[in-house]
Amino acid sequence: MSDDAGKRPGDARTYRDRSESPGPILVSYTGAEHGTTATVHRRLSGPARLLMADQISHGAVLAAHQAADLMRIVEQPDAPSNRIAVHGPLDAHHATRLRAELARRTLGGTHRLTVGLTGVTHLASAAVAELYRHRQDGSGPLRLYAPAGSTAHHVLTLINLPHSTSDPDLPGPGGVHG
């Protein structure tokens with residue numbers, strides 16, 4: 001795009017995109033003595049994910065394994081009880097998968113499950129809602145384990161969702177918070 005020679009500095013124009021794009025695009029052009037500034041506004045067409053400082057590339061191209069920060073649910077068959085460990089971000093994007101996994105592993109809320117949240121890097125409200133739903137006021141099928149100082153511990157303490165800061169499958173005091 002080149003500057004419009006007939007424009008005076010400070011003139012502004014707004015254009016709407018009429019293409020087959022999934023959402024409207026609003027573009028504003030402002031001419032100035034030192035060039036043209038274009039501002040593009042576009043509505044999100046998918047769920048937004050929270051970016052962490054180490055995910056911002058500052059112009060460098062990230063490798064595929066760095067760009068994709070996936071949630072993993074790992075079964076722990078050697079644990080003395082039914083247990084899984086969750087790793088990665090628990091954001092709105094992953095809340096649906098978390099709901100399905102919790103329902104499947106608790107057999108619809110009829111069997112107890114210990115959920116280790118040590119490896120959680122982000123705990124969003126959508127995932128917290130799923131933990132609340134399956135926890136059922138402390139007497140339900142979920143036992144949440146979030147060690148003191150972990151991301152999950154900070155969030156669960158802040159919202160007062162009962163959880164254990166010591167491993168519930170190891171002998172000793174339970175360290176229940178909330």
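T151 lies in helix α4 (residues 151-158), where helices (H or I, at least four residues) and strands (E, at least two) are DSSP runs numbered from the N terminus. This is a predicted model, in which local features need pLDDT of at least 70, side-chain atom pairs count only at pLDDT 80 or more, and totals for chains, interfaces and linings use all residues. Residues are numbered from 1 along each chain as its sequence is written, and side-chain values use heavy atoms, with hydrogens and water left out.

Leaving aside neighbours within four places in sequence, T151 is in contact (heavy atoms within 4.5 Å) with V120, T121, H122 and L123. The C-alpha atoms of T151 and L123 are separated by 7.3 Å, although these residues are 28 residues apart along the chain.

R105, found in helix α2 (residues 92-105), touches I73, E75, N82, I84 and L113, not counting residues up to four places away in sequence. Accessibility is classed as buried under 20% relative accessible area, exposed over 50%, and partly exposed in between (1.4 Å probe, protein chains only).

| Residue | Relative accessibility | Class |
|---|---|---|
| R105 | 15% | buried |
| T151 | 31% | partly exposed |

Strand β5 (residues 83-90) is mostly covered, with seven of its eight residues buried. Strands pair if DSSP finds at least two bridges between them; β5 pairs with strand β4 (residues 72-75) in the antiparallel sense over four bridges, and R72 stands opposite H87 in β5. With strand β6 (residues 113-123), β5 pairs in the parallel sense over seven bridges, and the bridge partner of G88 in β6 is V120.
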